[in-house]
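Colleague: I am new to this structure and would like to learn how to read it. Could you walk me through a few features, please?

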Amino acid sequence: MKRTTLRHLRVRPLVGDPTRGQLLAGPLVIPCALGRSGMTRHKREGDGASPRGSFRLRAGYYRPDLYAARPGTPLPLRATRREDGWCDDARDRRYNRPLPLPCPGVSAERLWREDGLYDLVVDLDYNRGPIRPGRGSAIFLHCARPGYLPTEGCIALAKPDLIRLLRRIGPATRLRIG
């Protein structure tokens, strides 16, 4: 039986530009954006760096108002709701976990965004077990800004590339950054 999902993905930085990279997916080489501070082994909340390491692809979200049907992928994927957020407040017990918005007094990323970055988003399972406050949160594989502008620490692909990649990744796929 032919395997339909990729076991490994790799992200490597471009020579001369630590904020841009390539995602290697089997024979495909896909351009990507990296964190504004490049890559690091010692990730901290707000440092703007993409964490080096190997991460499983936990699950994902998609904007149901933009897709007539759930994008095809073996990954668990659910429709984003307007109230979906992700806690990035290291003082809160829900740090680096989804939470409902609004959440007064707690800093959180909004998953339903107007800029298109989270139209499709995959949780990279960074700092998820055990969760260490202040070591970084909301590290995702998501849609890139035009021109592959740097991220806050995530890996970002052009939306068509991310849609194509979703078909080939599943819960057993690991993403190595660095």
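This is a predicted model: local features need pLDDT of at least 70, side-chain atom pairs count only at pLDDT 80 or more; totals for chains, interfaces and linings use all residues.

Colleague: Where does R128 lie, and is R128 buried or exposed?

Modeller: Buried means under 20% relative accessible area, exposed over 50%, and partly exposed in between (1.4 Å probe, protein chains only). R128 sits in the loop between β12 and β13, and with 16% relative accessibility R128 counts as buried. The strand and helix names follow DSSP runs, numbered from the N terminus: helices are H or I with at least four residues, strands are E with at least two.

Colleague: Which polar contact joins the side chains of R128 and another residue?

Modeller: A polar contact is a pair of N or O atoms within 3.5 Å; within protein, one must be able to donate a hydrogen and the other to accept it, and residues adjacent in sequence count only if both atoms are side-chain atoms. Here the side chains of R128 and D123 are joined at 2.3 Å. The R128 side chain also reaches the backbone oxygen of N96, at 3.4 Å.

**Salt bridges**

Colleague: How many salt bridges does the structure hold?

Modeller: A salt bridge is a side-chain nitrogen of Lys or Arg within 4 Å of a carboxyl oxygen of Asp or Glu. The structure holds 16 of them. One pairs R36 with E152, with 3.2 Å between the closest N and O atoms. R36 is in the loop between β3 (28-33) and β4 (39-40) and E152 in the loop between β13 (140-143) and β14 (155-157), so this pair ties together parts 116 residues apart in sequence. R36 is partly exposed at 40%, whereas E152 counts as exposed at 51%.

Colleague: What is the N to O distance in the salt bridge of D119 and K159?

Modeller: The distance is 2.6 Å. This pair links distant parts of the chain, 40 residues apart: D119 is in the loop between β11 (108-110) and β12 (120-123), and K159 is in helix α1 (residues 159-166). D119 is buried, with a relative accessible area of 5%, while K159 is partly exposed at 30%. Salt bridges can also share partners, and in this way R56, R58, D123, D125 and R128 are joined into one network.

**A sheet**

Colleague: What is the strand order in the open sheet of 3 strands?

Modeller: Strands of a sheet pair through backbone hydrogen bonds, either parallel or antiparallel. Two strands count as paired if DSSP finds at least two bridges between them. In this open sheet the order is β10-β9-β11, with antiparallel pairing. At the edges stand β10 (98-100) and β11, each with a single partner strand, so one side of each has no neighbour in the sheet.

Colleague: How many bridges join β9 to β11?

Modeller: Strand β9 (residues 84-87) is joined to β11 by 3 bridges, and the two run antiparallel. To find one of these partners, look at G85, whose bridge partner in β11 is R110.

Key
Residues are numbered from 1 along each chain as its sequence is written. Side-chain values use heavy atoms; hydrogens and water are left out.
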